Amino acid sequence: MYDSLLGGRDNFPADRAACGELLKHVPSMTELALNNRQFLRRVVHTLAADYGIRQFIDHGSGLPTQDNVHEIAQRVDPASRIVYVDNDPSVRAMGSVLLESNERTAVLQADMRDTAEIFESDPVRRLIDLDEPVAALFVSVLHCIPDSSRPGELIAKVADRLPSGSMMVVCQLVSDSSEIRDFVTGFMDEQTQGHWGRVRERADVAAFCAPLELVEPGLTEVSAWRPVHDDVPAQLTWEWEEYGGVGFVRR
């Protein structure tokens with residue numbers, strides 16, 4: 001669905017139909033997806049260019065689409081190393097083909113909630129030096145995790161694994177409207193056959209970020225996170241938004 005909203009080619013009629021139904025209720029969905037991708041581009045470039053991060057673990061990365069983390073980071077420094085994590089076998093299959101010639105990038109098929117498995121996996125052991133700073137990304141994925149899986153504890157567990165100087169990126173879908181939260185949550189739970197979490201509130205995201213020392217501008221709607229040009233499409237309505245921030249792991 002995300003690829004469809006971005007105008008990509010790696011999607012199916014069912015994805016496009018689901019997007020069409022959601023757009024009836026959340027008409028800013030396309031702009032939100034585009035803003036989120038621009039946020040990913042800005043934040044990875046900032047982490048690499050301004051904070052010197054050369055190692056990235058992208059949790060819940062999804063199918064490869066337009067301007068992936070390794071492409072952004074390796075434009076700053078070709079030696080940057082990236083591990084993509086997703087539980088979908090099609091992500092691993094497609095990613096492995098696309099990244100076959102990039103020895104500094106790997107795709108790990110794993111549940112992003114299984115921190116121990118991820119950090120003890122061969123790709124992470126091979127590419128990630130835990131004596132040097134790492135950026136752990138949770139970009140637009142925490143709403144896929146139900147409350148029963150305790151997403152706040154997941155962020156804390158990953159933070160505990162990261163070395164000094166590491167940073168994390170955390171954002172997810174939020175809404176002030178209980179009606180929107182309930183509709184989107186129910187719709188996506190049905191579409192994914194129970195493999196979804198929920199649209200949350202800003203206070204939930206703030207709680208998730210407790211292990212982080214946030215950098216400017218703190219927690220915000222993602223199009224307002226250090227915008228650098230005018231090509232980010234404005235949301236036409238604000239029934240929901242992608243909300244989050246970036247911070248150093250507290251030590």
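**View 1. The buried side of α8.** Helix α8 spans residues 151-161, and its buried residues are P151, L154, I155, V158 and A159. These five lie on the same side of α8, because they cover an arc of only 135 degrees around the axis. The model shown here is predicted.

**View 2. What covers α8.** Among the helices are α6 (115-119) and α10 (202-208). The strands include β1 (55-59), β4 (135-139), β5 (167-174) and β8 (241-249).

View 3. S166 sits in the loop between α8 and β5. S166 counts as buried because its relative accessibility is 0%, and the cut-off is under 20%.

**View 4. The largest nonpolar core.** This core holds 32 residues. Those with the most contacts inside it are I118, F138, V158, L162 and M168. Helix α8 supplies the largest share, 4 residues. A second, separate core has 26 residues, including L40, L99, L137 and M167.

**View 5. Contacts of M168.** M168 is among the residues with the most contacts inside the largest nonpolar core. Setting aside neighbours within four places in sequence, M168 contacts I155, V158, A159 and L162, among others. Of these, I155, V158 and A159 are buried residues of α8. The contacts of M168 also include A136, F138 and L212. G245, V246, G247 and V249 are in contact with M168 as well.

Note on methods
Residues numbered from 1 in each chain as written. Predicted model: local features only at pLDDT ≥ 70, side-chain atom pairs only at ≥ 80, totals over all residues. Heavy atoms only, no water. Buried < 20%, exposed > 50% of the residue type's maximum accessible area, 1.4 Å probe, protein only. Helix = DSSP H or I, 4+ residues; strand = E, 2+ residues; numbered from the N terminus. Arc of directions from axis to C-beta. Contact = heavy atoms within 4.5 Å. Core = buried A, V, L, I, M, F, W, Y, C linked by side-chain atoms within 4.5 Å.
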